[in-house]
Amino acid sequence: MAMTMTGEVQLPAAKETVWAMLNDANVLKACIPGCEELDKLSDTEFKAVAVSKIGPVKARFKGNVHLTDLDPPNGYKISGEGDGGVAGFAKGGATVSLADKDGGTLLTYNVEAQIGGKLAQLGQRLVNGAAKKMADDFFANFAKAVSGG
Amino acid sequence: MTATGIGAAVRRKEDIRFITGKGQYTDDVVRPGETRAVFVRSPHAHAKIKRIDTAEAARMPGVVAILTGADLANDKIGNLICGWMIHSKDGSPMKMAPHPAIASGKVNHVGDAVAVVIAETRAQGRDAADKVKVDYEELPAVADPAKAQAKDAPQIHADIPNNTIYQWSLGDEKAVGDAFRGAKHVTRLDIVNNRLVPNAIEPRAALAEYDAGTDNLTLWNTSQNPHVARLVISAFVGIAPEHKLRVIAPDVGGGFGSKIFIYPEEVVCLWAARKTGRPVKWTAERSEAFLTDAHGRDHVTHAEMAFDGDGKILALRAKTIANLGAYMSTFSSSIPTYLYATLLSGQYGIPQIYCEVDAVYTNTVPVDAYRGAGRPEATFVVERLVEVGAREMGLDPADLRKRNFIKQFPHQTPVIMAYDAGDYNASLKKAMELADVKGFGKRKRDSARHGKLRGLGYSTYIEACGIAPSQAVGSLGAGVGLWESAEVRVNPTGSVEVLTGSHAHGQGHETTFAQLVSERLGIPFENISVLHGDTDKVQFGMGTYGSRSGAVGMSAIAQALDKVIAKAKKVAAFMMEASEGDIEFKDGKFTVAGTDKSAAWDDVALNAYIAHKFTGAELEPGLKETSFYDPTNFTFPAGCHICEVEVDSETGRTEIVNWTAVDDFGTVINPMIVEGQVHGGIAQGVGQALLEGAVYDKDGQLVSGSFMDYSMPRAHDLPSFKLGLTETKSPSNPLGIKGCGEAGAIAAPAAVINAITDAIGTEQISMPATAQTVWSALQRANAARQAAE
């Protein structure tokens with residue numbers, strides 16, 4: 001099943017700074033909720049392991065993350081697919097764009113994601129809420145990182 | 001009627017063990033050294049299997065073996081089959097795609113098995129299954145039957161273009177067209193018969209054991225028809241010769257059709273048991289059941305009914321797309337054809353009927369028979385058309401029905417069936433009285449004062465049961481005859497064992513079958529036991545489905561009893577030194593006509609075995625007879641259900657406030673058990689109408705895949721039912737029985753939707769009619785009304 005989500009977050013840093021951090025595997029790893037590994041394979045490719053719990057389904061997702069449509073420092077598309085074994089799979093992507101605003105940067109995101117298998121069978125009612133919370137957590141962590149916290 | 005004979009409300013023998021937890025279900029059977037099978041299943045609706053890596057999983061603790069579709073093919077294990085050949089209207093045979101027990105190369109629905117882990121414990125099996133790595137290449141999927149034939153729809157099976165299994169038709173298209181051209185009024189409806197998940201309380205299970213000493217395989221499984229399972233697994237799948245395979249279906253906790261079929265899991269357990277030399281058990285988890293038990297219904301239909309100026313039905317025309325899922329299940333082809341279109345005449349004299357059915361593959365769980373199987377879909381089409389037609393023409397729906405009821409029997413419909421007995425006016429009249437239809441107007445006004453919309457809906461249903469005369473079904477493509485077998489063994493002490501080819505999974509056969517024997521032999525009910533479900537003990541039989549165990553299974557017992565009595569009379573004649581023709585048998589006693597000589601049942605039984613009074617040349621010792629009974633026709637249970645609802649105009653919530661059911665089941669063996677069957681059937685029909693829906697998203701993910709999202713009916717969803725019976729005996733079997741197991745599920749959905757649409761004043765509503773669905777329909781109806789004003 002598919003879901004979509006959009007949002008924006010105001011960050012207290014220059015666009016270039018935000019852009020650099022968005023491409024920093026260590027920053028991303030620290031910000032992604034449940035992320036256990038994020039290894040850079042190339043400038044635009046990472047290998048990731050993340051644990052996620054949606055309703056009754058808890059799984060460790062393994063997969064690759066790709067960066068495409070790179071437009072430094074204005075944005076990119078980050079996408080990936082994760083295999084959760086018997087829990088099913090999750091895949092999707094987010095278009096992230098950055099704009100100067102109020103002396104800082106406004107980050108806008110547009111997420112499209114798909115889940116399948118047990119996740120969809122058992123967790124679909126909870127997926128939107130869980131995904132929203134994950135996005136909120138990610139950007140809260142990211143804002144903190146950007147602020148130097 | 002005796003206290004334990006035909007017509008007595010005898011308490012169910014089997015309930016003591018069920019209620020006290022003493023039932024023996026497949027999962028309760030434990031064999032020494034048994035292992036557990038855990039299946040690795042596809043999370044994708046449609047994908048190529050690029051690679052399966054079992055190396056890491058194989059090293060996990062407790063793993064005995066990991067098997068894949070490639071291993072299955074290497075061992076030349078055959079495919080699962082559909083046993084009913086349907087031909088398209090152009091004469092071509094249906095297109096059956098291969099159905100391996102474990103997918104090979106490609107998965108076709110979420111839940112399709114790709115590998116199986118055999119492990120010492122279930123937990124170890126699950127841990128290892130999690131480590132089986134499967135690389136998939138996802139393919140586009142289609143789940144909606146209405147989209148399966150589109151040009152851009154993904155083709156699921158090679159050489160089956162447009163995912164079309166067959167394009168079948170029944171009836172005279174031209175004559176129907178002519179009738180429509182001459183019609184005064186035509187009613188048209190688009191109907192979706194919602195997809196259902198059977199959800200028997202006991203999940204499916206299988207336990208297989210191989211005895212290397214005898215080369216015998218034994219399978220315990222949750223089957224409604226163990227002999228048919230053995231035949232298919234032996235003759236088609238090729239696991240073992242029939243005489244080397246024993247199938248035991250012990251206590252089974254509900255089936256509703258879903259346990260008729262031969263499933264991949266039991267084939268895999270048998271194969272793995274021989275391969276590993278260890279007993280292999282699999283018990284479905286509930287979420288696995290959602291993804292692997294054959295689903296029910298799933299029709300998309302456009303239907304039209306033509307009337308003349310007096311409200312007489314001239315013709316009916318329907319075009320249905322039936323979703324059969326990713327593979328053809330055991331009897332799937334027959335459900336939307338010969339169990340559906342043949343019932344489109346309902347209780348009415350309809351001169352012309354034409355029906356086209358396209359069966360399609362989709363990336364969903366296979367679909368097959370589910371309580372009613374085709375007949376609920378037909379009843380819904382007919383009873384919605386009649387009800388809506390009456391409303392459109394400003395006629396009373398009950399009156400319109402009466403005008404069109406068949407009154408002369410036998411009646412040959414234009415769609416194969418020949419109804420042999422019935423009195424449709426009688427059940428309608430009795431139901432209207434019980435439901436107090438006369439007082440409905442006042443009740444409606446009372447409801448309106450509380451902001452509630454009250455509606456009343458009829459369903460005068462008919463079904464074809466007692467499945468089925470072998471010649472008839474054979475001529476329509478069935479691969480097996482549908483007779484039934486019985487053996488009656490009289491012990492030397494006079495107690496009786498009945499071995500039946502029927503299978504009980506909730507129906508109460510141990511009670512009702514014993515009632516027949518008690519009545520016929522005049523012996524105590526306690527002295528009779530009923531055995532079923534073990535192919536090593538019971539002669540070949542066809543099992544239980546299609547409300548057939550009474551009409552067909554008990555008829556076989558009745559025939560065997562006739563033979564037993566005939567033989568016992570011979571024994572009694574020797575005992576009393578009388579002529580056989582003078583022996584009379586009544587109430588458990590043999591008498592010599594015109595004398596005071598008599599012999600009790602027990603004495604005659606004993607003498608049959610000690611054989612002191614006769615020689616083997618005169619009469620064979622023993623008292624045991626077998627009968628195979630083949631019915632001469634289907635039976636035609638029919639009746640009238642009236643549903644009364646109150647709809648909350650603000651929230652759309654529907655409450656069923658009254659339910660009346662008057663059914664004609666022919667001879668009733670046990671009225672208490674019949675009531676129970678009717679209650680359960682109505683509950684399932686109400687479930688379909690108001691609550692249940694198996695929903696796939698566009699990618700083929702089952703999003704109502706657990707009880708969090710798939711709503712089953714509960715006690716508080718149902719009123720206290722008012723039940724009544726009328727009786728016309730079936731002339732097609734010796735007991736006059738018609739069958740009662742499916743009636744409620746067949747009648748109920750149309751009654752509910754007719755009641756809701758009566759309440760809210762619009763016909764545009766789909767099942768399940770949840771509060772949201774009804775509320776939306778109310779908004780659309782209000783908007784349309786305002787636009788008109």
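Predicted model: local features only at pLDDT ≥ 70, side-chain atom pairs only at ≥ 80, totals over all residues.
Local features need pLDDT of at least 70 and side-chain atom pairs count only at pLDDT 80 or more, while totals for chains, interfaces and linings use all residues. Residues are numbered from 1 along each chain as its sequence is written, and chains are lettered from A and ligands numbered from 1 in the order in which they are written.

Start with chain A. Its secondary structure comes to three helices and seven strands. Helices (H or I, at least four residues) and strands (E, at least two) are DSSP runs, numbered from the N terminus. Read from that end, the elements of chain A run β-α-α-β-β-β-β-β-β-α. The C-alpha trace spans about 45 × 30 × 30 Å along its principal axes. How does the radius of gyration of chain A agree with that of a compact globule? A compact globule of 149 residues would have a value near 15 Å, and chain A has 15 Å, which agrees. The radius is taken over C-alpha atoms, and the globule rule is 2.2 Å times the number of residues to the power 0.38.

Burial comes next. A residue is buried if 20 or more other C-beta atoms lie within 10 Å of its own, exposed if 12 or fewer, and partly exposed in between, with C-beta atoms placed from the backbone. In chain A, 33% of the 149 residues count as buried. Contacts use C-beta atoms as well: two residues are in contact if these atoms, placed from the backbone, lie within 7 Å. Of the contacts in chain A with a separation of 6 or more, 50% come from residues 24 or more positions apart.

Helix H1 of chain A covers residues 15-22. Its buried residues are A:Lys15, A:Val18, A:Trp19 and A:Leu22.

A:Met3 counts as partly exposed because it has 15 C-beta neighbours inside 10 Å. Leaving aside neighbours within four places in sequence, A:Met3 is in contact with A:Ala113, A:Val127, A:Asn128 and A:Ala131. A:Gln124 is 121 residues from A:Met3 along the chain, yet their C-alpha atoms are separated by 9.8 Å.

Now turn to chain B. There are 19 helices and 28 strands in this chain. Its radius of gyration is 28 Å, close to the 28 Å that the globule rule gives for 789 residues, so chain B is as compact as a globular protein of that length. Its C-alpha atoms fill a box of roughly 95 × 75 × 50 Å, taken along the principal axes. Of its 789 residues, 56% count as buried. Among contacts in chain B between residues at least 6 apart in sequence, 80% join residues at least 24 apart.

Chain B is divided into domain 1 (32-195 + 295-395), domain 2 (405-410 + 417-460 + 635-789) and domain 3 (483-629). These bounds come from an automatic or database domain assignment. The centres of domain 1 and domain 2 of chain B, taken over C-alpha atoms, are 25 Å apart. Their contact takes 26 residues from domain 1 and 32 residues from domain 2. Which helix gives the most to the domain 1 side? Helix H9 (residues 375-393) of chain B does, with eight residues.

The largest nonpolar core has 277 residues. A nonpolar core is a set of buried Ala, Val, Leu, Ile, Met, Phe, Trp, Tyr and Cys residues joined through C-beta atoms within 7 Å. B:Val116, B:Val117, B:Cys269, B:Leu344 and B:Ile557 touch the most other members. H15(B) provides the largest share of this core, 14 residues.

B:Lys570 is found in that helix, H15 (residues 549-575) of chain B. B:Lys570 is partly exposed, with 17 other C-beta atoms within 10 Å. Not counting residues up to four places away in sequence, B:Lys570 touches B:Glu580 and B:Leu619.

Finally, the two chains meet. The contact takes 16 residues from chain B and 15 residues from chain A. Helix H4 (122-131) and helix H8 (286-292) of chain B each supply at least two residues of the chain B side.
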